[in-house]
Structure formats: structure tokens, C-alpha cells
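Colleague: Please take me through the terms applied to this model, setting each value against its definition.

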Amino acid sequence: MGTTAVLNSVATEDEQLEKPGRLGVLLTPVRTRLAVAAVLQLIGALAGLAPYIAMVEIARVLLTGDHVDGGRVWTWVAVAAAGFLIHMALTAVAYTISHVADADVGLQIRRRMAERLGRVPLGWFTERSSGRVKRALVDDVGSVHHAVAHVVNDLVAAVVTPVVALVYLFWLDWRLALLCLLPLLVWFGLVAYMMRDEAARTARWSIELDKVNAAVVEFVDGIAVVKAFGQTGRAQDRYRKASEDLARFLAEWAGPMRRLDAIASLLISAPVMLFVALGGGVLLDVDPAEIIAFIMLAVGLGAPVLALGFGAAAMQVAKDAAGRVAELLATTELPRATESLTPKGARVVFESVHFSYDGRTSVLDDIDLVLEPGTVTALVGPSGSGKSTLARLLPRFWDVSAGAVRIGSVDVRDISERDLYRHVGFVFQETLLLRTSIRDNIALGRPDADFAEIEAAALAAQIHDRVLALPRGYDSEIGVDAHLSGGEAQRISIARAILADTPILVLDEATAFADPESEAAVQDALSQLTAGRTLLVIAHRLHTIRGADRIVLLANGRIVETGHHDELMAAGGQYQQLWNAQSVTRGESA
């Protein structure tokens, strides 16, 4: 099964991507090398049997009478030595070829995934946990290693060696060979029973493992904030529950199989096979020289057969991993502008915008909204109203289902990615810093910026003094010698946006989850960032956008109210209700 998947894939790459369970989509570039390795392993496996056959023939010579033909003995010694050396040399070459091929495949897969992830909609990442993406990029590529580096060679050795050995034993004495074959047949029957529904259980294992990966990554990423607010125990609960669910499933899966697995392994173990070969040889009055052959070869049949079982399990894991990798490689890319147009000005228009994530459930319905240059427009509304989705259509996290989003009369779909992000910047609550220097993190949007510009952006973002206090200043590396609080990381993100100097800015309320001591500094940094720009704000706390030029209230994906704060309060609608509810929570009067 594994060899067929590796060597006989003939579909085109695009067709294979639609069939993520097939390894051919990933192994096609190295198929020829794997075939060469398989041939070498085949010859090596056959040569590896020569020492055993030579031992039998030497035993025949020694047991034939008083006169020992020394010449024949030394001839068979030479055959044994030659077979052993050929076996070792060809096996080493075969595995070297397959491991080099594995390195090439791993590099190619990671490059292709990096290129693909660079072209998918930014919203794709918000829909998936970082643990799931990490598993595809790291763990699954590592699992595919077995399919490339080992599966062909292991299968050839595990199949050819016992089959040829059994043919030789049947040629010597079919009765004793049949007796030695019985434990193997019982083993195959037990293994087939244990492997029933293996695909469904492996899929369930993958789901549970994804949950653990996501819980670990999210817990580690948020540990500073979690500890600051004294919620360590609650944060650990999610990881603990995911781990317990995984352990429970593993116990349900593997528990009932332990006894059968022990019996199956015992049946083809060396002592049992030795007992069958020796006892059967005595009972059937087999020639002593042939009994030696059965003792050596029959006893050794268990190891390659067990390797075949382990290889089948590892192959299933590799196939599932290849499926997830192929699924990622088949992710729909964001359509690219055939001819990039340059926006003129910073006027933003949402024109009859409709949007759905799945093509069935509407998230935004008939949105018409204009953001005039230099103004502040705030999006407010209850959770699930669509305000975050609407704001993220502007930097093209997704494409609209119908209608258009325009900047300076140009549809964002007709603007190249590079030009779009020169015009639109964004600062969201989820602050992500790369594991590199503070300098590089700030200059992410403008890699060519000089140090004076980076320092000026940090000063404006109220983070310069904190950076200088780090062991290596702006060269300090995030996660190594730069450990920042939530508010400090947010100010690095703001410095990045200041340096990018885009005329349009999408801003999720950046202080919503900042540590209290950093909130004032973040607010000051935001004042520097927003001056003179067309600003679209996602507001969660209404008092922070009271002075906005325009407040837009969304509910169920539609605009239900729009106007200035005083106008909306006077209207006595949903905005006033939200304001009053938040005022009560803050202990203020309406």
C-alpha cells in the first residue's frame, strides 16, 4: 500500500491537491530517486540472505562424513562475507538516497507552504488557531519524513526478506515451512482485526491533538497577561482539559488492543518461532542441516514482519499528515490584481457591501458607508454585529461577496498587495511581534527605514525609553532578552504603524486589553498615530470614541444608526441604550 502511494501516483499536481490523502502530491519530485533506492534495497535484502544459506551449506559439508572438503567450506565463507558486505553497502546507499530525497522534499514543502500562506487572505489566519497552522508547518512535515526516508526501503526489506526466506524454506522442506508459517498467518489475522476502523480513529486522534496544540500555543502566548490578572489556574484548565481528552481517547483506542497486541507479538517472537522450528524439525525427522536453516531463518522472520506492522502504522500517520499539508497547499489564494491601480487620495467608500464567510450565512448586508479624508469613523454595536468583519474588509482580510470597497475611487481588488498596505495600516488588539529584534519589528512595514526614523517612531509611540532599558536596546530580541507587557507590545505595534505612515488606518480599540499602567501611554501613542489620517475605529468602549466625527451602529450585519455622539443620544435609539448600559458598568451617569 505504501509503495503504491509513493511510486505509482500519476495524476497531475492540481488533481492530487484535491485528493489530500494521497502522498503522490508531495513525493512526485523524488519518485525516481525513491525507485532507485527501492531497487538497491531489494538487491541488498537478497544479498543479506546469502550468509544464512552459506551456513546451511557449510553445515551440510561438515555433516556429510569424516572427510571435510575445506575448499567448499571456504567458498561458502567467501559467499557469506560477500553477501554481508553487499547487503550493508547497498542498504547504506539506499537509505542515503532516501534521506537526501527527504531533505529535498521537506525543504520544498516548507517553501511551498510559506509561499501559499503569503498569498492566502489574512482572514484565513484568524479562522484557524496558531496551533493548527504550526502543526501543518512543523509536525506534519516531520511526519511525512517517514514516508520519504523510510517507507520504501522498510517495505522492501520487510516484504522481500521473509518472502524469499519462506520460498527457500519451502524448497528445503515444505512440511516444516508450512508449520513455521502458521504463527505468521495468525499474527496477520490479529493485526487486521486490530486495524479495523483505523482511518476514523486516526482522524479523531488528529482532532484531539490539534486541540492540545492550540491550547499550548495560546497559553504560552498569553502567559504574561494571564499571570498579571491572576487567572493562571483558569488558563491552565483549557490545556488540562485538552490533555485529559487526548489521554482518554488514547486509552479508549489502545486499551482494548493491548492484550491482542501482546498475543500477536508473542506468536512471532524468537522463542516461539525457535520452538516451532526445532520441535517441528524433530517431529518430522528433518535433515539436521536443514533444521539449522529453519532455526536461523524462521526465528528471524518475526523481526521484519513486526517492522512491517510498525511501518503500516507510521505510514497511516504520514498519509494523514500529507493530507493536511496538501489541504494547506490547496488553500484558495486571494485573487491578485492583474494590473495594479494606484489610489488617489484617502477617501474610502463601502458600496453596497455584502459578505458571507461560508457563502450561505450573511454577515454583512447592503453596507453603504463613506469615510472622508482626515475624519474619524467609529464602528460600534453588540458582539456579532459585524463591525470587526466590516473593518477588516478595508485592508482586504477577505474579499466582499458583493459590492465593492474603494480607496480613492479604486476597488481594493484592483490594488496590488504592496500598494494597498502603503495606503492602509492597521493596529488590532491581537498584537503579534516577530521573534527578532525590536528594530526589525518596528521596521517591518518599511525595511529600508534608517535608525533615526525607527527611533522617532518609537518616541512618538511612547516606547523609546523602555527599549533603551533593554539589555541591547533596539537590538534586543523578542522572547530572548526582550520580554514586554501587553501594553508595551501594543506600543511597538503602534510605532510600526507610525513608521509605515499610511494615510488610512484601521484601529481596533488598542487599549481594551492593555495592562492598566500602560493604558495612558498607549492612548498618547494613538494620538500621535491618528493625527491627520482617515481613521476607521472598531470601538468596544463607547467613551473612547465620543469625539468621533461619525459613529456607525451595526446590528445583525446592517447599519441601523449613524451620526455624532450627541445626535445619537438625542435620538434615543440603540446607541443610547448601549451607552447607558456601559455607563452603569463604569459607575457613571448617562
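This is a predicted model: local features need pLDDT of at least 70, side-chain atom pairs count only at pLDDT 80 or more; totals for chains, interfaces and linings use all residues.

Modeller: Residues are numbered from 1 along each chain as its sequence is written, and side-chain values use heavy atoms, with hydrogens and water left out.

Colleague: Why is Asp-173 called buried?

Modeller: Buried means under 20% relative accessible area, exposed over 50% and partly exposed in between, with a 1.4 Å probe and protein chains only. Asp-173 has 9% relative accessibility and therefore counts as buried.

Colleague: What does Asp-173 touch, not counting residues up to four places away in sequence?

Modeller: Asp-173, in the loop between α9 (151-172) and α10 (174-194), touches Val-286, Glu-290 and Phe-294. Contact means heavy atoms within 4.5 Å.

Colleague: How do you know what span is expected of helix α23?

Modeller: The expected span is 1.5 Å times one less than the number of residues. Helix α23 (residues 486-500) has 15 residues, and its 21 Å from first C-alpha to last is close to the 21 Å expected. Of its 15 residues, 13 are buried.

Colleague: What is the strand order in the open sheet?

Modeller: The four strands have the order β2-β1-β4-β5, with antiparallel pairing. β2 (362-371) and β5 (410-411) each have a single partner strand, so they stand at the edges.

Colleague: What makes β1 and β2 a pair?

Modeller: Strands pair if DSSP finds at least two bridges between them; six bridges join β1 (residues 348-356) to β2.

How values were computed: Helices (H or I, at least four residues) and strands (E, at least two) are DSSP runs, numbered from the N terminus.
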